[in-house]
Amino acid sequence: VQTCALPIYEIVLAHDKYVASTVSAYKARLEELVTTATARTIAQLTRRLAVDKNGAILNNAANARVLRTVDTLFASELEDAGYSALNRAYAGQFAGQLPYLDQILDQLTVTMKVPLPDVRDVLRAEDKRALAAQQASAVESLSTVVDVVAAGAKRQALFGFAGLSVADLSETLAKAFAKTAGVAESIADTAQVMFYRTATARAFDAIQSDLPEMVLRYAYDGPDDDLTRVFCQRLVESAKTYTREEIGSMNNHQLPNVLVTCGGWNCRHQWMIAI
């Protein structure tokens with residue numbers, strides 16, 4: 001991590017562990033739901049598909065009609081297993097990051113030459129509404145994952161079912177459905193960290209408004225290792241500080257608004273008021 005006051009470094013590490021823990025738990029639970037939904041989907045298909053005397057799936061219109069329901073069957077089974085409830089519970093954990101923001105702001109107040117304003121109640125009603133909206137958006141984004149994965153599974157089934165055994169088709173579908181957790185994990189991780197960065201940015205906005213005579217500058221903090229993107233690596237290694245206007249003009253070529261998306265999907269970096 002880029003050099004900063006040790007207490008802040010420790011807070012950042014604790015926050016990273018919190019995010020990693022909640023994302024890991026979310027993915028593990030989702031994998032369980034996917035396993036259940038996959039078994040139930042395949043069981044339904046097995047009962048409805050017609051096979052020949054050798055057990056090969058017949059190439060007929062009736063079987064094609066059955067396989068056209070693969071996406072809706074899986075989506076329905078995953079929903080019944082608790083997918084929406086899991087997503088809502090996960091988004092509900094986003095606010096658990098806010099105590100880390102409080103600690104960082106307290107440390108910044110101690111270390112800056114000009115003390116910062118009181119920030120304990122810096123997130124106003126409109127800020128909290130914006131953060132709640134971000135949680136809702138995360139739930140909605142996660143809900144679309146199953147549609148994309150299930151649609152891909154349906155395409156695979158329709159293009160190559162003739163002559164396959166039900167067991168072979170089941171294996172193909174299971175592999176396709178298993179992608180759900182990996183895709184959702186990326187969205188889940190990014191959404192949670194963006195919630196935190198949004199709260200941080202709004203807190204910094206409030207600080208700036210209380211210090212109109214100062215132009216706050218920001219440093220880019222985070223790891224510089226084999227996983228670091230070129231965009232992030234350049235910012236970390238430059239050790240430069242930037243104004244909000246300068247950050248607003250940056251482009252990570254993945255997601256808009258570099259202030260809250262930093263390097264893009266699964267980015268591990270964040271902007272910090274320069275001490």
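Helices here are DSSP runs of H or I with at least four residues, and strands are runs of E with at least two, both numbered from the N terminus. By that assignment the chain of this predicted model holds eleven helices and three strands. Read along the sequence, these elements follow the pattern α-α-α-α-α-α-α-α-β-α-β-α-α-β.

**Overall dimensions**
- The radius of gyration of the chain is 24 Å, whereas a compact globule of 275 residues would have a value near 19 Å.
- Along the principal axes, the C-alpha trace of the chain spans about 85 × 35 × 30 Å.

**Contacts and burial**
- Of the contacts between residues at least 6 apart in sequence, 79% join residues that are at least 24 apart.
- Buried residues account for 46% of the 275 residues in the chain.

- In soluble globular proteins, nonpolar side chains tend to be buried together.
- The largest nonpolar core in this chain comprises 78 residues, and those with the most contacts inside it are Tyr26, Tyr83, Tyr220 and Trp271.
- Helix α8, covering residues 179-210, gives the most to this core, with 13 residues.
- When residues up to four places away in sequence are not counted, Tyr26 touches Tyr83, Leu86, Asn87, Tyr90, Leu142, Ala184 and Ala188.

**Surface and charge**
- The chain exposes about 13700 Å², of which carbon and sulfur atoms supply 54%.
- There are 27 positive and 31 negative side chains in the chain, and the centres of these two sets lie 7 Å apart.

Conventions
Residues numbered from 1 in each chain as written. Predicted model: local features only at pLDDT ≥ 70, side-chain atom pairs only at ≥ 80, totals over all residues. Heavy atoms only, no water. Rg over C-alpha atoms; globule rule 2.2 N^0.38 Å. Buried < 20%, exposed > 50% of the residue type's maximum accessible area, 1.4 Å probe, protein only. Contact = heavy atoms within 4.5 Å. Areas by Shrake-Rupley, 256 points an atom, 1.4 Å probe, with all protein chains shown as cover. Lys, Arg positive; Asp, Glu negative; His and termini not counted. Charge placed at Lys NZ, Arg CZ, Asp CG, Glu CD. Core = buried A, V, L, I, M, F, W, Y, C linked by side-chain atoms within 4.5 Å.
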